[in-house]
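This briefing covers strands, backbone angles, surface charge and salt bridges. Please read it alongside the sequence and the 3D view.

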Amino acid sequence: MLLLRCPLPLLLLLLLPIPSRPQKLPTRDEELFQMQIRDKAFFHDSSVIPDGAEISSYLFRDTPKRYFFVVEEDNTPLAVTVTPCDAPLEWKLSVQELPEEASGEGSGEPEPLEQQKQQITSEEGTELFSYKGNDVEYFVSSSSPSGLYQLDLLSTEKDTHFKVYATTTPESDQPYPELPYDPRIDVTSLGRTTVTLAWKPSPTASLLRQPIQYCIVINKEHNFKSLCAVEAKLSSDDAFMMAPKPGLDFSPFDFAHFGFPADNNSGKDRGFLKSSKFGRQTPPKPRVDLHRVCIGNKNIFTVSDLKPDTQYYFDMFAVNTNTNMSTAYVGTFARTKEEAKQKTVELKDGKVTDVFIKRKGTKFLRFAPVSSHQKVTFSVHSCLDAVQVQVRRDGKLLLSQSVEGVRQFHLRGKAKAKYLIRMKGSKKGASMLKILATTRPNKQLFPSLPEDTRIKAFDKLRTCSSVTVAWLGTQERNKFCIYKREVDDSYNEEQKKREQNQCLGPDTRKKSEKVLCKYFHSQNIQKAVTTETIRGLQPGKSYLLDVYVIGHGGHSVKYQSKLVKTRKFC
C-alpha cells in the first residue's frame with residue numbers, strides 16, 4: 001500500500017504549493033518511482049513525503065515544518081525514520097481521517113475546495129508518536145489505519161538540516177544497513193602516528209549480499225550518531241581523504257597531511273555525499289579538524305599521519321550504495337602513543353581524564369596539587385577489564401591494587417607532595433578508563449557502588465509477559481535507570497561480555513529501551529536492595545537488562561548485564 005497514490009488530486013492540491021511547472025506525485029510504480037527519486041529537485045520544498053525515498057530538508061530555529069502523506073487502506077505496514085543532523089529535533093507523527101471525497105468513498109457532488117481544505121486542516125489529528133532529542137528515531141507499525149498522516153518538526157536550538165524516510169513496505173525495502181551482533185569498533189593496533197581499526201561486517205553485506213561500503217570518520221572532539229551529523233559539521237573547504245588505490249596495503253597509507261592543511265583539490269570530490277546549502281547565508285565557518293574516508297567493503301583499516309599522544313574519536317558507518325542510506329556502528333576513541341620518551345599525563349584537580357591503554361601497555365599520570373591539602377582522593381572507573389593501579393607519593397609506594405568497575409582511594413595528604421600514578425593494562429585486550437584526582441572531599445563525580453553489581457532475576461516470579469529483578473544500592477542516594485533490549489535466543493554470555501563497557505551511559509541507548517528511572521538508598525547497608533517488575537514483554541522471548549547508576553556529577557556506571565527469558569506458556 002502506498003503513502004501517496006494518483007486518485008487523490010483534490011486532496012493533494014490542498015497540500016502542495018502551486019509549482020511553476022506541472023509536477024507529478026511519486027507513486028510506487030517502480031519505473032516512474034525510480035525516475036522521480038533521481039530528480040532530487042522534485043521533492044525540494046515539497047510538503048509531501050514520497051513512499052520509500054529519503055528526503056533531506058532544513059529547519060529554521062523556532063519555525064515548525066509540516067509534512068503529509070496518505071495511507072489509503074487500513075492494516076497497512078508503516079515505518080517512519082527521522083534523522084537529526086546538527087541539532088536536536090522535536091517531532092510528532094499524527095493521523096486524521098480522510099475527507100469523504102478525498103478517500104474515494106464519497107458520492108454525489110464534490111465539496112467546494114475551501115470546505116475540504118478547512119475539513120483537513122482544522123481537525124486535530126490523533127498523535128501516534130513524539131520524540132525530542134538528537135538520536136536517529138523510528139516509528140514502526142505492522143498495521144496502521146488509513147488516513148492523512150502529518151509529521152511536524154521543530155528545532156528550538158538552531159537552524160538545522162534533517163532527513164526523513166517513510167515506507168509502507170518496510171519488510172521488503174530495508175534501505176538502512178543492518179548492524180552485526182557486536183556493533184563496536186575494535187582498536188587492534190596503536191602506534192605513535194597510526195591506529196588500526198577492525199569491525200564485524202554488516203549482515204546486509206554478508207548475508208543479504210547487498211552492496212555495502214564502510215566510511216570512517218575521525219576527529220578530536222566527540223563521536224557522531226549519524227553520517228548526516230558528520231556532513232553538517234563539515235564545511236565546503238574541508239579535506240576529504242579518498243580510499244587508497246587498489247594494491248596498497250594498510251601499513252601505512254599515504255594520506256597527505258591528515259588532519260592538517262588540505263591539498264588544493266580537496267573540495268572537488270566529496271565521495272557519495274554532497275554538501276547542501278539551504279536557507280540563510282552565513283559567514284565562512286572556522287576550519288573543522290574532522291575527516292572521513294570510504295574504504296569499500298573491507299573491515300580493517302589503518303589511519304595514518306596522526307599526531308603522537310593525541311586522543312582521536314573514530315566512527316564507522318555502513319552505507320548501502322543502492323539506497324545511499326547509512327547506519328552507525330558504536331564509536332570508539334583512542335590515544336596515540338607518546339614519542340619515544342614517554343610523556344606523563346598531568347591530572348588537574350577535580351577534572352575527569354580519559355585514559356586509553358593498549359593490551360599489556362602502561363600509562364603514567366602525575367598529580368601535583370597547587371595548594372596544601374589534608375587528603376587526596378583518586379577515583380578510577382575502569383570501563384572494560386581490570387587494570388593494575390599503583391600510586392606513589394614523592395617516590396614512596398602508597399597503594400597497589402587491581403581495579404574493576406569504580407574504586408575510590410582516600411590518601412592522607414602532605415604539603416607540596418607530588419603523586420605518580422602507574423596504570424598497567426589488561427592481558428585480555430585494550431583498556432579504557434576514567435580517572436579523577438581531587439583534594440576537595442566533596443568533589444565526587446562518580447557514583448558510589450556496592451561490592452556486588454550483579455542483577456538478580458527471580459525465576460519463580462517469571463511470567464509470560466514480565467520478569468522481576470533486584471539489585472543492591474548504597475547508603476548514598478543515587479538515580480538508577482533500567483533498560484531492556486530484546487535479543488535472539490542464540491545470544492550468549494560471550495556476546496554479553498563484549499558489551500560490558502561500563503563507561504557507555506544511558507545516552508547511548510534508544511528511548512524505546514528505557515523502562516524507568518528512580519532514586520534509591522538506605523542508611524542500613526544490609527537493606528540497600530531494590531526490586532522491579534518489568535512488564536509488557538513477549539512470551540518466550542529473551543531480553544538483556546541493564547541498570548545504570550548516575551552520580552551527582554552526571555557520570556554513570558553500568559551494572560553487570562542480566563540475560564532473562566519470559567515463560568513461553570502460562
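Buried means under 20% relative accessible area, exposed means over 50%, and partly exposed lies in between (1.4 Å probe, protein chains only). Arg509 is buried, and so is Asp546. This is a predicted model, in which local features need pLDDT of at least 70 and side-chain atom pairs count only at pLDDT 80 or more, while totals for chains, interfaces and linings use all residues. Residues are numbered from 1 along each chain as its sequence is written, and side-chain values use heavy atoms, with hydrogens and water left out.

- Helices (H or I, at least four residues) and strands (E, at least two) are DSSP runs, numbered from the N terminus.
- Two strands pair if DSSP finds at least two bridges between them.
- Strand β3 covers residues 76-84, and eight of its nine residues are buried, so the strand is largely enclosed by the rest of the structure.
- With strand β6 (residues 137-144), β3 pairs in the antiparallel sense over six bridges. Val80 has Phe139 of β6 as its bridge partner.
- With strand β8 (residues 160-167), β3 also pairs in the antiparallel sense, over six bridges. Here Ala79 stands opposite Thr167 of β8.
- Ala166 is another residue of strand β8, and it is buried, with a relative accessible area of 0%.

- Three strands form an open sheet in the order β24-β25-β28, with antiparallel pairing.
- β24 (456-457) and β28 (529-534) stand at the edges with a single partner strand each, so one side of each has no neighbour in the sheet.
- β24 pairs with strand β25 (residues 467-472) over two bridges in the antiparallel sense. Lys456 has Ala470 of β25 as its bridge partner.

- Most residues other than glycine have a negative phi.
- Asp305 is not a glycine, yet has a positive phi of about 60 degrees. This residue is found in the loop between β13 (300-303) and β14 (311-320), and Asp305 counts as partly exposed at 34% relative accessibility.
- Lys360, also not a glycine, has a positive phi of about 65 degrees. Its place is the loop between β18 (352-357) and β19 (362-367), and at 44% relative accessibility Lys360 counts as partly exposed.

**A positive surface patch**

- Arg359, Lys360, Lys424 and Lys427 form a positive surface patch.
- Patches are made of residues with over 30% relative accessible area and no salt bridge, with like charges joined within 9 Å and nonpolar side chains (Val, Leu, Ile, Met, Phe, Trp, Tyr) within 5 Å.
- Accessible areas come from the Shrake-Rupley method with a 1.4 Å probe, and for residues only the protein chains shown count as cover.
- Lys and Arg count as positive and Asp and Glu as negative, whereas His and the chain ends are not counted. The place of a charge is taken as NZ of Lys, CZ of Arg, CG of Asp or CD of Glu.
- Arg359 lies in the loop between β18 and β19, and is partly exposed, with a relative accessible area of 47%.

**Salt bridges**

- A salt bridge is a side-chain nitrogen of Lys or Arg within 4 Å of a carboxyl oxygen of Asp or Glu. By this rule there are 18 salt bridges.
- Arg61 and Asp62 meet through their side chains in a salt bridge (3.2 Å, N to O). Arg61 is partly exposed at 44% relative accessible area, and Asp62 is partly exposed at 46%.
- Glu221 and Lys233 form a salt bridge whose closest N and O atoms are 3.6 Å apart. Glu221 lies in the loop between β11 (212-219) and α6 (227-233) and Lys233 in helix α6, so the pair ties together parts that are 12 residues apart in sequence. Lys233 counts as partly exposed, at 31% relative accessibility.
- Arg509 and Asp546 form a salt bridge whose closest N and O atoms are 2.9 Å apart. This pair links distant parts of the chain, 37 residues apart: Arg509 is in the loop between α7 (493-498) and β27 (514-520), and Asp546 is in strand β29 (residues 542-550).
- A network of salt bridges links Asp182, Arg184 and Lys200.
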